[in-house]
Amino acid sequence: MTISERIKMLRKELKLSQEEFGNKLGVSRDVIGNIEYDRLKRPEQKEPIYKLICKEFKINELWLRTGEGPREAQIIRDEYTQAVNEIDVRDPKARQAILNYWKLSEEDKKLFWKFIERFLTK
């Protein structure tokens, strides 16, 4: 079974139309149809949808991609982990800012926080 077939099966098991499924993900019925029939060929078109499906329906990403492992994802209880997952999927600017910060030297990180503290007190 392909990832497209697993997505279609999941949608049908949830008794949702393509439009209803798309609405829950914030995308159109056409996007869901294209995913189910594997019409989107470029990964950058599909990856955000796969992540949204996993998040919205609490699906194990390994199962969605490969069919291996349990279908249901383990519930993430850590607020930080939830925030990181959300930012990764829905906020590309914040994601890039976090990555850029992570790559800074320790000295530059200290300067960054000094600027932020000064900015917040004025």
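A salt bridge is a side-chain nitrogen of Lys or Arg within 4 Å of a carboxyl oxygen of Asp or Glu. Arginine 95 and aspartate 88 meet this rule through their side chains, at 2.6 Å from N to O.

This is a predicted model, in which local features need pLDDT of at least 70 and side-chain atom pairs count only at pLDDT 80 or more, while totals for chains, interfaces and linings use all residues. Residues are numbered from 1 along each chain as its sequence is written, and side-chain values use heavy atoms, with hydrogens and water left out.

**Salt bridges**

The structure holds 13 salt bridges. Three of them are listed here.

| arginine 71 | glutamate 13 | 2.2 Å |

Helices are DSSP runs of H or I with at least four residues, and strands are runs of E with at least two, numbered from the N terminus. Exposure is given as relative accessible area: buried is under 20%, exposed is over 50%, and partly exposed is in between (1.4 Å probe, protein chains only). Arginine 71 is partly exposed at 21%, and glutamate 13 is partly exposed at 42%. Arginine 42 is partly exposed at 48%, whereas glutamate 44 is exposed at 52%. Salt bridges also join Glu47, Lys51, Glu61 and Arg65 in a network.

**The nonpolar core**

A nonpolar core is a set of buried Ala, Val, Leu, Ile, Met, Phe, Trp, Tyr and Cys residues joined through side-chain atoms within 4.5 Å. In soluble globular proteins, nonpolar side chains tend to be buried together. The largest core here has 20 residues, and Ile7, Phe21, Leu25, Ile53, Phe57, Ile59 and Leu64 touch the most other members. Two or more residues each come from α1 (3-13), α2, α3 (29-36), α4 and α5 (61-66). The largest share, six residues, belongs to α4.

In α1, Ile3, Ser4, Arg6, Ile7, Leu10 and Arg11 are buried. They lie on the same side of α1, because they cover an arc of only 160° around the axis, taken from the directions from the helix axis to the C-beta atoms. The buried residues of α1 pack against α2, α3, α4 and α5.

**Aromatic pairs**

Rings of Phe, Tyr and Trp (its six-membered ring) pair if their centres lie within 6.5 Å; planes under 30 degrees apart count as stacked, over 60 as edge-to-face and the rest as tilted. The structure holds five aromatic pairs. One of them, phenylalanine 21 with phenylalanine 57, is stacked, at 4.8 Å centre to centre and 0° between the planes. This pair links helix α2 (residues 18-25) to helix α4 (residues 43-57), across 36 residues. Phenylalanine 21 is buried at 0%, and phenylalanine 57 is buried at 17%.

Terms used:
Contact means heavy atoms within 4.5 Å.
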